Amino acid sequence: KDVRIMQTELPLEFVQNLSSSDPILKLFAVRAIKNRVIGNQTEKDCYLRLGVSTKLVENVFNEQNEQIVIDSIVTLGSLAYSTQEDILPELSSIVGCLTQIVQSGNARSVKAALQALKVYTLAATKTVELLANQAVIVQRLVNLLTHEEREIVEYSTIVILRCCENEQNREKILTISGKEIVIALLQLLEHPFFRLKELAIELFAILSQETKWAPLIVEKMKFDHQNKLEIISSFLKDTRSLNRLLAATCIINLLKVKSFDLVSQAQINRVILPKVLMLLDDSSPAIRDKVPFLLVVLLKDKVAQKAASETGLINKLAALILSGTCQPRMKEASLLSVAEVSSWHEGSRKEVVESNLVAEVASCLNSTVPFLRVAACKTLLSLSRSFLQLSASLAEANFLETLLQLVEEPGEETCEWALRTVCNMVVDNSGLKASFLEHKGLEKVVRLLLSLNSSASIREKSVWTLRNFLFLADRPTKELFLKHLPFEQIFSLLEEDSEWMTVLVAGIVRNLLFKDVEAIVEIAKPYRLIGVLQRLIRSDSVEIIKQALSILCNFASGPPPCKAHILSSLSILQSLFDLLDHPDVEVKLSVLLCISNLLWQRDSKHVAMLHQLPFQSKLLEASESSDLVIAERARACLCSSETPIIDFLAKDVSSPQTN
């Protein structure tokens with residue numbers, strides 16, 4: 001029958017001819033429908049309503065003529081871009097038909113079915129879910145990645161790629177055949193056909209972001225990593241910005257694997273970072289918007305931070321954040337990149353303040369989106385390392401009040417980062433210490449520390465905050481602190497079975513004693529404090545010993561009655577004597593400083609107390625140490641400006657002596 005006559009017939013007649021016993025008439029009907037529906041939404045919807053998909057599926061399964069089968073499959077694929085309402089009722093049967101053909105052994109049919117599935121994965125999102133839920137078809141698609149025919153490999157890769165774009169479906173597919181996909185992808189990287197390399201890189205970029213599968217990729221790359229990395233890196237020079245972005249994404253995702261040492265930091269700074277920074281100037285917003293997510297990883301290194309800051313990165317990120325079109329996740333990544341690049345460089349922090357980002361950070365602290373609040377806290381944490389740059393901005397934005405509200409939030413991550421930022425801000429700023437008290441920060445942080453519901457991490461950050469708050473604090477502030485956290489509670493915290501808690505709380509005691517020894521010791525009760533120190537200084541932990549010695553050094557710097565409390569404890573003196581042989585240099589130096597403080601006023605009674613143990617020989621031995629700092633400090637203990645302490649140690653000290 002002449003095809004020109006057929007083109008004038010109604011759609012219903014074409015559909016009816018799909019069931020004709022005449023193979024020529026049937027073939028012409030299939031091709032006529034295909035030609036009519038391609039690129040024509042109205043025709044697609046019309047034919048679907050006439051039940052064309054059912055007829056085509058029947059032809060695929062029942063027809064003996066191979067060409068009719070192939071054309072029926074192609075026509076099914078041509079129906080994909082109809083309206084969702086029209087295609088959805090037929091989608092399960094269409095996808096089911098195509099997946100069965102994919103599992104057949106006929107290469108032509110398999111290629112046509114894969115091409116149709118490729119279209120459906122783009123046109124109807126439900127297709128991806130239908131495929132991901134079938135372990136058999138997933139395994140078949142993975143097996144086809146190593147097929148000898150290029151088009152079959154290409155279409156299989158695209159279908160898997162589309163399925164892996166959704167996180168839930170990606171997890172299902174990787175659970176079924178994750179290892180096989182990784183192995184096949186690494187082989188595709190060396191395929192002579194460039195398009196397959198591109199697809200492999202794109203799928204690689206998606207899979208390598210999975211913390212579970214990235215280590216497997218690294219493991220499989222070890223034996224031929226140089227060649228694979230060279231192939232991936234070659235895409236960094238590609239003319240297409242998308243390929244450059246994907247290549248950078250692959251390498252950066254692998255950098256997150258701690259065992260990955262196949263790329264040196266110098267290579268990252270010299271090759272990868274400049275390419276990524278160039279993408280920020282790309283004309284495509286879709287490319288630019290992904291760059292901050294890569295920078296968060298790249299900017300962990302100080303050299304990279306400095307190099308990035310010199311390219312005007314802060315201003316570019318500020319423009320992105322303040323553009324008004326910045327989506328929450330992109331804003332989060334941009335803020336985190338700002339936090340990284342400004343964490344160690346004063347000039348970068350100044351640039352952040354000058355770019356008007358501080359007001360946006362303040363706005364994000366009040367955001368309803370939790371991860372934006374966390375990103376704002378991290379950014380402020382970096383900026384708070386420079387109070388010279390931030391002092392005016394802090395006063396204007398009233399950050400501290402907002403941060404103290406965040407520490408009471410139920411979300412642990414927000415609370416933790418807010419605490420870390422507050423901890424940084426109150427360390428050495430009297431104005432912020434006063435503001436901390438004014439907004440009930442002390443009560444809130446103490447409550448978090450003592451709460452049974454607080455995690456170990458929150459309690460740790462709480463102790464750090466209190467410890468920093470007491471740094472160089474005046475006596476009234478310390479006395480107020482002890483009303484909220486009395487010494488009995490402090491001593492109770494020191495008895496917890498946790499090394500980090502003991503170390504940090506000991507730091508609180510050390511800061512309390514600094515320059516206010518007599519008053520604080522009186523509040524603590526001398527005998528109680530000495531008892532705690534006797535236990536701490538005999539700890540098996542070097543860090544706890546160091547903190548105990550720091551407390552003793554401050555304690556020993558007090559007036560004679562305070563020194564007498566220490567010297568009356570034979571247990572502490574014995575510990576000091578024994579620790580002079582400790583292998584840790586810092587421990588030795590702390591012991592020598594403690595002895596120096598005990599003898600500072602050259603009281604003969606104190607010397608007599610030290611004479612209970614042969615400190616003289618130990619100090620003489622230390623004065624000959626190969627470590628110049630230890631030797632000098634030991635000699636300082638042995639000698640005073642007028643009379644050597646060694647003379648006191650040698651004299652009869654039964655009666656008071658004068659220096």
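The structure is a predicted model, in which local features need pLDDT of at least 70 and side-chain atom pairs count only at pLDDT 80 or more, while totals for chains, interfaces and linings use all residues. Residues are numbered from 1 along each chain as its sequence is written, and side-chain values use heavy atoms, with hydrogens and water left out.

Let's start with charges. A salt bridge here is a side-chain nitrogen of Lys or Arg within 4 Å of a carboxyl oxygen of Asp or Glu, and the whole structure holds 30 salt bridges. One of them joins E154 to R150, with the closest N and O atoms 3.5 Å apart. Both residues sit in helix α11 (residues 150-164), four residues apart, which is about one turn of the helix; helices (H or I, at least four residues) are DSSP runs, numbered from the N terminus. How well covered are the two partners? A residue is buried under 20% relative accessible area, exposed over 50% and partly exposed in between (1.4 Å probe, protein chains only). E154, at 13%, is therefore buried, whereas R150, at 29%, is partly exposed. These two also belong to a network of salt bridges that links R150, E151, E154, R195, E198 and R240.

For another setting, look at E310 and K306, whose closest N and O atoms are 2.8 Å apart in their salt bridge. E310 is exposed at 59%, and K306 is partly exposed at 43%.

Next comes helix α28 (residues 412-425). Ten of its 14 residues are buried, so the helix is largely enclosed by the rest of the structure. Among those buried residues are W417, L419 and M425.

A pocket, found on a 1 Å grid over the protein atoms alone, is an open set of points where a 1.4 Å probe fits, with protein on both sides within 12 Å along at least five of seven lines; lining residues have an atom within 4 Å of a point. The largest pocket holds about 980 Å³ of space, and 30 residues line it, with Q209, N253, K256, F293 and L294 nearest its centre. Helix α16 gives the most to this lining, with six residues.

The second largest pocket has a volume of about 280 Å³. Its lining has 13 residues, and nearest its centre lie E340, S343, S382, R385 and W417. Here we meet α28 again, as α22, α25 and α28 each supply at least two residues of that lining.

Conventions:
Points joined across faces, edges and corners; volume = space filled by probe spheres on them.
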